[in-house]
Amino acid sequence: GIDFGMGMGAMGGHGGDGGAGSARDSLALQEEEIDPNEPEIRKQLREKRQKGVQQRMALALEEARERETIEAMEKAERSELAQYLGPKLEAWAKGKSDNIRALLSTLQDVLWEGSRWKEVSMMDLMNPAQVKKQYRKAMIIMHPDKVKQKGGTTEQIFIADYLFDLTNQAWGHFQMSEM
């Protein structure tokens with residue numbers, strides 16, 4: 001039997017198969033093991049504890065279902081965004097996907113309003129140190145986790161994710177060829 005700190009006296013030696021029974025058997029076993037002479041206060045405390053456990057389990061289940069629903073809705077929204085934003089972003093990136101300077105100098109064309117990106121001219125990006133500085137600023141603004149953390153919309157997160165990956169690839173190319 002299960003010892004709830006009451007000692008073996010209340011439980012006695014139960015016969016039976018000695019193996020693990022079904023959940024119903026273990027519930028019946030728990031009910032059997034309750035001391036019939038249990039003080040009223042102990043019974044009330046045990047019932048209160050059991051009720052609290054059941055409430056926490058129900059709440060956890062409700063929260064999990066809510067998270068799953070939200071995730072499913074976000075996934076559907078991202079799929080929709082890919083259909084209508086994908087071509088726009090791909091058209092913007094065409095011909096400059098390996099050119100960090102071209103990407104940085106035209107980010108304002110695809111970033112959302114209020115992103116705080118300050119337009120940079122191609123002339124400002126001639127020096128590799130300036131490219132590095134602007135690249136780092138861009139990464140701070142368009143890091144998908146940062147955008148999400150700051151309460152960005154699903155559209156902003158989608159754009160940030162696309163630009164983040166593309167700009168990182170171009171940065172890698174730039175590092176190999178110019179640094």
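In which handedness of crossing does α4 pass α6? The crossing of α4 past α6 is left-handed, a term for a near helix turned anticlockwise from the far one by less than a right angle, with clockwise giving right-handed. The model is predicted: local features need pLDDT of at least 70, side-chain atom pairs count only at pLDDT 80 or more, and totals for chains, interfaces and linings use all residues. Residues are numbered from 1 along each chain as its sequence is written, and side-chain values use heavy atoms, with hydrogens and water left out.

**Chain overview**

- The chain has six helices and zero strands, where helices (H or I, at least four residues) and strands (E, at least two) are DSSP runs numbered from the N terminus.
- Of the 179 residues, 28% count as buried (under 20% relative accessible area, with exposed over 50% and partly exposed in between; 1.4 Å probe, protein chains only).
- The accessible surface of the chain is about 12700 Å², and 52% of that belongs to carbon and sulfur atoms (Shrake-Rupley method, 1.4 Å probe; for residues, only the protein chains shown count as cover).
- Among contacts in the chain with a separation of 6 or more, 61% come from residues 24 or more positions apart; contact means heavy atoms within 4.5 Å.

**α4 and α6**

- Helix α4 (residues 128–142) packs on α6 at an angle of about 160 degrees, and their axes are 10 Å apart. Axes are lines fitted to C-alpha atoms, for helices over the stretch in contact, and angles run from 0 to 180 degrees between N-to-C directions.
- That angle makes α4 roughly antiparallel to α6 (over 145 degrees; under 35 is roughly parallel, 65 to 115 roughly perpendicular and the rest oblique).
- Residues in this contact include Tyr-135 and Met-139 of α4 and Leu-163, Trp-171 and Phe-174 of α6.
- By class, the contact of α4 with α6 has 10 nonpolar, two polar and one charged residues (nonpolar: Ala, Val, Leu, Ile, Met, Phe, Trp, Tyr, Cys and Pro; charged: Asp, Glu, Lys and Arg; polar: the others, Gly among them).

**α2 and α6**

- The axes of α2 (residues 40–93) and α6 (residues 154–178) come within 9 Å and cross at roughly 45 degrees, so the two helices are oblique to each other.
- The crossing of α2 and α6 is right-handed.
- Among the residues that meet are Leu-81, Leu-85 and Trp-92 in α2 and Phe-158, Tyr-162 and Leu-163 in α6.
- The residues of the contact of α2 with α6 divide into 12 nonpolar, two polar and five charged.

**Arg-116**

- Arg-116 lies in the loop between α3 (100–106) and α4.
- Although not a glycine, Arg-116 has a positive phi of about 70 degrees.
- Arg-116 is exposed, with a relative accessible area of 55%.
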